[in-house]
Amino acid sequence: MGDKFQLIHDVSPGTTGWTVKVVVAEKFSPRVAQRSPTKYQNLTLMDSEGSTVQATLYGQNITAFQDELLLGKTYLISNALVKETNAEYKAKSGEIQWTISGRTRIRRVEENNSNLLISTYSFTDFEDLPKYMDSNVDISVIGMIIDIKPRRIIQTRFGKECQVQDLVLVNKRFDTVLLTMWETFVDNECKYICQNLRKKLILIGKHLKVTSFNGLSISTKADSSFFIDGEFELVEEFKSWGHTNSEIIDNMISEKHYLTSTPSKLSSKLSVPTAEKDFTEIKNIQGLKNCGKASVKVLNQTYWYMSCNNCNKISSENYGDIYPCVFCKCTDAKAIPRAKVYMQLTDPTGYINATAIGNPAEYFLQSNAEILMNQTLIPTAASMRLSMDEDEIFYVKAITQELSTDCKFEILFIVNPSQIAGDKNTGKAPVEHIGEPIKFLEPTTKRSLFHSDTDDAQSSKKKCDKSTIEITKKNQ
């Protein structure tokens, strides 16, 4: 980028006559200030040494400069207002902020500084995503966009309606993951992606988080930023890989298995406790406080519910009906069955009632939702026993409910540690069930330990406590 210009750290409040050559490293969506109607937009600018500064545009300057400061391009900037950062408009750490206005001189420089820009990224492999689940740690990813789901509307616990849309990303090992785009990303990035989906765009995302929605997925944050088909060597390499493996990728898109399960490879990276002390006692999950392994009792119930195929919310429609969903506002939603199982987990310290929905329920019941739906006659008088793999580990999230100190408990994953370790042990542990035995017509052919579409899209916004319980053999 040259060294005859000042660097970012040379410019401070009161500095005059300066010119800095910078590349636009990040460009965030415009936002409205929390305590005023002021609209603002933050950018991250980077100099040749990799130092960065936050630049902010306000009001009408956002529209005026939208074609002047393009993501990934290089500019000479001078006469910006340099001041200490206002916390209300602050996007990143740092004490200095530049304000871009009509008095700021900006000149485009035809240089390719993509290598400098990409060197600041540290990409998280899809297999490592479980390490950061619900931690709110910033991650960066790269992947090919192979599908995009319909836009849907969700309601937050504060009563605000938000629009979200899911992308499907694939990496070079053919692992897939959902990336949920929120609000302005739906209007901007998702709109462009929908128009160019056939091109198999390469997405680079920064400042993302890993959530336990959909079993395991990635979600945008307020300060997330994206390069879509950016001018990077890494992107060209990815496109070349896509061209070489186009037949495999096209088959993935056609079969759409990724819409119902997260690749089982990811389960090998889930943290599996090995020592007794690593497991959480049930009374500690409830916020109390001491030991033991747990048994599981399946309570009498119906093992499925009819749901919207777009948002998983409950539906009163008949199977296969096309209808307008009142929850996600999808006008052509389809009514489909979804598995659920309500169970009681018990150890020497106490018990909790927990629910598994979607794939964890199918894994536990060894069947899929459609088969469960077809078995509508389940008498409630007799008793039975199901079987489950020995030493199953249940990953449980405790979600604080509104206007209450109580928690509800959701089973996110059910993992067999011997399967993760490659052990083919087929030992079974009995599970007590109240009701008549279910005669499964066939086991589900593709069961994922990892993917569980949550039926409450706003639950990630609530305070939660994730705990691990080991379910072991119950003495008969």
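1. A salt bridge here is a side-chain nitrogen of Lys or Arg within 4 Å of a carboxyl oxygen of Asp or Glu. In this predicted model, Glu231 and Lys73 make such a pair, with their closest N and O atoms 3.5 Å apart. Glu231 sits in the loop between β14 and α4, Lys73 in the loop between α1 and β5, and 158 residues separate them. Glu231 is exposed, because its relative accessibility is 56%.

2. By this rule, the count of salt bridges comes to 13. One of them joins Glu111 to Lys21 at 2.8 Å, N to O. Glu111 is in the loop between β8 and α2 and Lys21 in strand β1, so the pair ties together parts 90 residues apart in sequence. Glu111 is partly exposed at 32%, whereas Lys21 is buried at 10%.

3. Do look at Glu127 and Arg173 too, whose closest N and O atoms are 3.7 Å apart in a salt bridge. The two residues are 46 apart, Glu127 in the loop between α2 and β9 and Arg173 in the loop between β11 and β12. Through shared partners, salt bridges join Asp125, Glu127, Arg173 and Asp175 into one network.

4. Now for the second largest pocket, with a volume of about 750 Å³. Its lining has 28 residues, and Leu70, Leu71, Phe226, Phe227 and Ile228 lie nearest its centre. Helix α3 gives the largest share, 4 residues. By class, the lining has 11 nonpolar, 9 polar and 8 charged residues.

5. Finally, the surface carries a nonpolar patch of Ile314, Val326 and Phe327, with about 310 Å² of accessible area together. Phe327 belongs to the loop between β17 and β18 and is partly exposed, at 39% relative accessibility.

Key: Residues are numbered from 1 along each chain as its sequence is written. This is a predicted model: local features need pLDDT of at least 70, side-chain atom pairs count only at pLDDT 80 or more; totals for chains, interfaces and linings use all residues. Side-chain values use heavy atoms; hydrogens and water are left out. On a 1 Å grid over the protein atoms alone, a cavity is a set of points where a 1.4 Å probe fits but cannot get out, and a pocket is an open set with protein on both sides within 12 Å along at least five of seven lines; lining residues have an atom within 4 Å of a point. Grid points are joined across faces, edges and corners, and a volume is the space filled by probe spheres set on the points. Ala, Val, Leu, Ile, Met, Phe, Trp, Tyr, Cys and Pro count as nonpolar, Asp, Glu, Lys and Arg as charged, and the others, Gly among them, as polar. Patches are made of residues with over 30% relative accessible area and no salt bridge: like charges are joined within 9 Å, nonpolar side chains (Val, Leu, Ile, Met, Phe, Trp, Tyr) within 5 Å. Accessible areas come from the Shrake-Rupley method with a 1.4 Å probe; for residues, only the protein chains shown count as cover. Buried means under 20% relative accessible area, exposed over 50%, partly exposed in between (1.4 Å probe, protein chains only).
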